[in-house]
Amino acid sequence: MSEENGGAIAILTDARHGCRRNAKDTNVVCIGNQTHKVLREEHVTREDDAITQRHELLGTRRLYDYFDSDISSIGGPVRINIHAHDRNASLNKFIREERPETINQNDTWHAAKSVEKEISKVGKGSRKNHGVTWHEQLSDKVHSIRTHVQFAIRNCDHDADILREKVDNIVYHYKNIHDRCSAESRCRVDGNYEPSKLILTSPVAEKLLMDALHQTVVYKSPQDYIYAMDTFYVESFNNTLNMFHDKRIFFGDDSYRMRTALAICHWNENVDRRATGTYQYPDGKTKRILSKRTFQYREEIWRMFLDSLKR
């Protein structure tokens, strides 16, 4: 809990289905944004709801019911200040309409990926559609615009209007007009700056780029990205779940819940473990060498099992 938010917490959630298609089981996991540990997990099955696509919303409702209850370990309910997820439309609606005290945020990686997909539409195409649906002056800017959008999200001062202004400024930046760029940007600081991309000179290319930027989720819903939240910790936890119950194997409810509990113990014990050193690659990149994983929870589980036998 953060004292700055009056004791409220920020959470990251995601849903993982137990198999590839028409899953019987769904894990809805809640991870704390500060500790990166699993705070709560809800197991939803097709007995709860026959439609697998609705499991994430049902599990999220259960999460909020749990945090609203009188949790004995802290002596009261837990307020949620910020909730980040990977842009599930039903969750967006649920948080805005039923949890107005919580700030809804979407994952920036998924947003940047969708931006790149949208811009690629105007950066390439058939020759007959050149100047109509795409333009060659935009062909070298697809990946760099994704970086621009990420920069705009992380430097908008939690203001949706500023975020939109920075997204609009992408067009002016590629026109070699840098009056609106950030003061610390190289295009304004370096007097010898030369654009590495083609300068936009065609009004058609300028309009195509502006229209494509206005179609992105970041521009349409800027309020969902002003805190620059990422959910990669939840995605990493889903990889840990894959080690304990593979999607290719069917498990019963009891076995599935047991394996999920083991995955949570394993994750909470080893997440953010310290690095023992670094490794330098020939190309200059650096990789951290993490300490070995520990399995102390196995001893605790074995001790509990022996105590149960004695009883």
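Buried stands for under 20% relative accessible area, exposed for over 50%, and partly exposed for what lies in between (1.4 Å probe, protein chains only).

My helices (H or I, at least four residues) and strands (E, at least two) are DSSP runs, numbered from the N terminus.

A note on sources: this is a predicted model, where local features need pLDDT of at least 70 and side-chain atom pairs count only at pLDDT 80 or more, while totals for chains, interfaces and linings use all residues. Residues are numbered from 1 along each chain as its sequence is written, and side-chain values use heavy atoms, with hydrogens and water left out.

**Entry: Val218**
I listed what Val218 touches, skipping residues up to four places away in sequence: Ala111, Val115, Val149, Ile153, Leu163, Val167 and Tyr225. Contact here means heavy atoms within 4.5 Å.

**Entry: Glu118**
Glu118 sits in helix α3 and is partly exposed, at a relative accessible area of 22%. Its contacts, leaving aside neighbours within four places in sequence, are Ala212, Gln215 and Thr216. Glu118 and Ala212 are 94 residues apart along the chain, yet their C-alpha atoms are separated by 6.3 Å.

**Entry: positive phi**
Most residues other than glycine have a negative phi, so I looked for exceptions. Arg87 has a positive phi of about 60°; I located Arg87 in the loop between β4 (80–85) and α2 (89–98). Arg87 is partly exposed, with a relative accessible area of 31%. Asp272 has a positive phi too, near 60°, and belongs to the loop between α10 (253–270) and β6. For Asp272 the relative accessible area is 46%, which makes it partly exposed.

How do β6 and β7 run, parallel or antiparallel? Strands β6 (residues 275–280) and β7 (residues 286–290) are antiparallel, joined by five bridges. I count two strands as paired if DSSP finds at least two bridges between them. Gln280 stands opposite Thr286 in β7. Five residues lie between the strands of this hairpin, where Gly284 takes a positive phi near 100°.

**Entry: the whole protein**
Stepping back, I noted eleven helices and seven strands. The C-alpha atoms fill a box of roughly 80 × 45 × 45 Å, taken along the principal axes. Of the 311 residues, 41% count as buried. Among contacts with a separation of 6 or more, 58% come from residues 24 or more positions apart.
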